[in-house]
Amino acid sequence: MSFDNAYEAISENNDETRWAFGTGFVDPLSGVDTSVPDGVDGADLAAYCLMLGDDALIMSHRLQQWCSHAPELEDELAIANIALDLLGQARLLLARAGKADGSERSEDSYAFFREERDFRNVRMVELVNGDFAATMARLLTFSVWRLALLQRLESSRDPVLAAIAAKGVKEVTYHREYAANWVVRLGDGTELSHQRMQAGFDAVWPLYDELFVVHPVERRLAGIAADSDGLRSEVDDVLTQVLTAATLTRPEDSAGKVVGLVSGMAGRDGVHTEDMGYLLAELQSVARAHPEATW
Amino acid sequence: MVNALAIAGTVTDPELPMLTLADLGVLREVSEEDGRVVVSITPTYSGCPAMDTMRDDLEHALRDAGYTEVEVRTVLHPAWSSDWISDEGKRKLAESGIAPPAAAPRGGPVLLTLGAPPRKVACPRCGSDDTEEVSRFSATACKALRRCRSCLEPFEHVKEI
């Protein structure tokens, strides 16, 4: 049951689950009633779960890249924990997708064996990290948006989504607070930290509008998907509150026009930025090199 | 054979070994029918990496006690709250130098309060209220890291969620 050191545990032939990384975990929805609510198209529900799940998965991956690079030990811990929360949300959502459309596809299969065009995350989460200020600008924007989404999702007619959301709300509340505190500290800090914090928001802003595009799948899932009514003004208000406290300037909006569309398509349609391919190469290479392995 | 609930009640949390899963409020239900045991547990945080270990530990404990058929189920609703840690659990945390959580905030819209007055958390070592938060996150997602300004010792605090 107990191991004196990590290597012993790896080499020992046992069926115990001691590791927080790898593949082949027990289905996180094991024992949960995953039947699809009446009148709901399972394929649509699965597509929606992938959207929210991929947002969390890819954002988590970008945050994981800070491991061993954060400015202080405390932030190292914070960022790793935030990434872990998001990974947990992603696991539940991807597992929910595989149950909703009847494919029984596993979380691992979704994470490691899909092509770029099949990922449904918004593009904001896939951009390379940039400096710490840029990472905090994105984390704040993402967390404010995701918290508002998850709060709405708590009243979803799908009890599984509602339960995942209720749990996520508690977690993302902490993420938002952590990012907001850094944004204020750096924005209202030295001339240089202010400059870099502003540059962080300037960099993330062109992809802000994309967060509020209502996808046809979401429209078809009225009562199941988070209600988008008033979402943008709610997110705007919180961001303005933080930016003002941080003495930062809110970047110019692109007037509701989503930038960088390809034939009208963006992240939710599987059309990503060039950063995405490199990210997936890193995320998926080990699983693809040893497709039968669990570790 | 010892009752399944009593067996499951002895299994401890892998990250907070001073607490049983029952103390922590993670063990939700144990039912027994014709020698088959169904145990329901709920994660503290969505990404809690200890879930699989808890699952294994519960299965092992029940098998060792003679139950051959054991199923461990996940329950997601209602979401775990630090309010579910029993009084006994809070006492054990404090004894082990971990500050137990106060009452969790109520549900509903969560306002972002910048520069909110810091929470008062007493040092589990010397009892002083003069403590400060060093990091909102600690060795596990469920704990924050704090420091006592009186006795200067660092300590962990189970967060209110």
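**Figure 1. Packing of helix 3 of chain B.** The buried residues of helix 3 of chain B pack against helix 1 (4-8), helix 2 (21-24), strand 2 (36-41) and strand 3 of chain B. Here helices (H or I, at least four residues) and strands (E, at least two) are DSSP runs, numbered from the N terminus. Two residues are in contact if their C-beta atoms, placed from the backbone, lie within 7 Å. The model is predicted: local features need pLDDT of at least 70, side-chain atom pairs count only at pLDDT 80 or more, and totals for chains, interfaces and linings use all residues. Residues are numbered from 1 along each chain as its sequence is written, while chains are lettered from A and ligands numbered from 1 in the order in which they are written. The buried residues of this helix are Met51(B), Asp52(B), Met54(B), Arg55(B), Asp56(B), Asp57(B), Leu58(B) and Leu62(B). A residue is buried if 20 or more other C-beta atoms lie within 10 Å of its own, exposed if 12 or fewer, and partly exposed in between, with C-beta atoms placed from the backbone. Helix 3 of chain B has 14 residues, and its first and last C-alpha atoms are 20 Å apart, close to the 20 Å expected at 1.5 Å a residue. The expected span of a helix is 1.5 Å times one less than its number of residues. After helix 3 of chain B comes Gly66(B), with a positive phi near 105°.

**Figure 2. The side of chain B that touches chain A.** In this interface, 27 residues of chain B are in contact with 42 residues of chain A. Two or more residues each are given to the chain B side by helix 3 (51-64), strand 3 (69-74) and strand 5 (131-135) of chain B. Helix 3 of chain B supplies the largest share, 4 residues. By class, the chain B side divides into 14 nonpolar, 8 polar and 5 charged residues. In this classification, Ala, Val, Leu, Ile, Met, Phe, Trp, Tyr, Cys and Pro count as nonpolar, Asp, Glu, Lys and Arg as charged, and the others, Gly among them, as polar.

**Figure 3. The two domains of chain B.** Chain B is divided into domain 1 (4-74) and domain 2 (86-104 + 116-158), with bounds that come from an automatic or database domain assignment. Their C-alpha centres lie 27 Å apart. Each domain is represented in the contact, with 9 residues from domain 1 of chain B and 9 residues from domain 2 of chain B. On the side of domain 1 of chain B that touches domain 2 of chain B there are 5 nonpolar, 2 polar and 2 charged residues.

**Figure 4. Overall form of chain A.** Chain A holds 10 helices and 0 strands. The C-alpha trace of chain A spans about 55 × 50 × 35 Å along its principal axes. A compact globule of 295 residues would have a radius of gyration near 19 Å, and chain A, at 19 Å, agrees with this. That radius is taken over C-alpha atoms, and the globule rule is 2.2 Å times the number of residues to the power 0.38. Of the 295 residues of chain A, 45% count as buried. Among contacts in chain A with a separation of 6 or more, 79% join residues 24 or more positions apart.

**Figure 5. Met51(A) in helix 2 of chain A.** Met51(A) is located in helix 2 of chain A. This residue counts as buried because it has 21 C-beta neighbours inside 10 Å. Leaving aside residues up to four places away in sequence, Met51(A) touches Arg120(A) and Arg268(A). Val122(A) is 71 residues from Met51(A) in sequence, but the two are 7.8 Å apart in space, C-alpha to C-alpha. Helix 2 of chain A is mostly covered, with 20 of its 23 residues buried. The end C-alpha atoms of this helix are 32 Å apart, in agreement with the 33 Å that its 23 residues should span at 1.5 Å a residue.

**Figure 6. The kinked helix 10 of chain A.** Helix 10 of chain A has a kink of about 40°, centred on Leu283(A). The bend at a residue is the angle between axes fitted to the seven residues ending there and the seven starting there. The buried residues of this helix are Met276(A), Leu279(A) and Leu280(A), and what covers them includes helix 2 (42-64) of chain A.

**Figure 7. Surroundings of Val183(A).** Val183(A) lies in helix 6 (residues 159-187) of chain A and is buried, with 26 other C-beta atoms within 10 Å. Not counting residues up to four places away in sequence, Val183(A) touches Met136(A), Ala137(A), Leu140(A), Met197(A), Val242(A) and Ala246(A).
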